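Me: I have a protein model to look at. Can we go through it in short steps?

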Amino acid sequence: MALVDLDPEQNLQKLVGDGVFVPNPRGMGTTIEVFDGRDWHEDSARDCKIVICDCSPAIERNPTNLVEKFHYCIIPTTLNPLGINKHGKVIRDTVTEIRHFNKNAHLFVLVNNFKYPGSQKLSLLRKVYLETYKDIIKTDDKFHCIDPQEVCIRTSEQLYYWGIHILENPENPS
């Protein structure tokens with residue numbers, strides 16, 4: 001599996017480098033290779049059966065020549081009132097633009113940097129988050145708004161620590 005980081009900030013590559021090993025308790029694990037979108041080409045990962053793009057929510061920050069080819073795309077967002085308000089329109093516009101030149105890709109909105117706000121606040125935020133994309137869900141069967149109660153990228157103190165370490169030591173991130 002390959003993950004192509006299209007976000008110009010390259011946060012994914014800063015976080016996991018060239019790849020991450022995913023163990024499988026029932027057999028052999030697999031490595032998810034991470035590629036910089038600026039360097040990606042189809043021969044980069046010949047053995048990969050699945051290529052997923054980590055898109056920027058803002059369409060103009062994604063290279064059209066790659067977006068038109070992908071089959072799966074993850075569009076990150078945050079689960080807080082300002083994030084839902086700000087990113088909601090940006091993501092809706094991005095999905096509309098992607099559909100102009102790629103009608104077949106599965107697009108997934110995924111909550112990133114999730115910190116559990118408590119059950120009452122989560123219920124309200126989740127309701128507004130899902131409501132934000134309901135018009136797309138009704139008309140686009142390949143658009144998926146992932147419920148943060150099922151899957152999300154959680155806030156991690158350890159990842160924050162290593163992120164700071166990388167910023168403080170750009171020449172020697174290990």
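Reply: Buried means under 20% relative accessible area. The model is predicted. By that cut-off, the buried share of the protein's 174 residues is 36%.

Me: What distance should helix H4 span, and what do its ends show?
Reply: H4 covers residues 119-132, which is 14 residues. The expected span takes 1.5 Å times one less than that number. This gives 20 Å, and it agrees with the end C-alpha atoms, which lie apart by 20 Å.

Me: Which residues of H4 are buried, and how do they sit around the axis?
Reply: The buried ones are Leu122, Leu125, Tyr129 and Thr132. Looking down the axis of H4, they fall within an arc of 90°, so they line one face of the helix.

Me: Which residues of H4 are exposed on the other side?
Reply: Exposed means over 50% relative accessible area. On H4's other side, the residues that count as exposed are Ser119, Gln120, Leu124 and Lys127.

Me: What do the buried residues of H4 pack against?
Reply: Both strands and helices take part. The strands are E5 (72-77), E6 (106-111) and E7 (143-145). The helices are H3 (81-101) and H5 (134-139).

Me: Is cysteine 152 buried or exposed?
Reply: Its relative accessible area is 17%. The cut-off for buried is under 20%. So cysteine 152 is buried.

Terms used: Residues numbered from 1 in each chain as written. Predicted model: local features only at pLDDT ≥ 70, side-chain atom pairs only at ≥ 80, totals over all residues. Heavy atoms only, no water. Helix = DSSP H or I, 4+ residues; strand = E, 2+ residues; numbered from the N terminus. Buried < 20%, exposed > 50% of the residue type's maximum accessible area, 1.4 Å probe, protein only. Arc of directions from axis to C-beta. Contact = heavy atoms within 4.5 Å.
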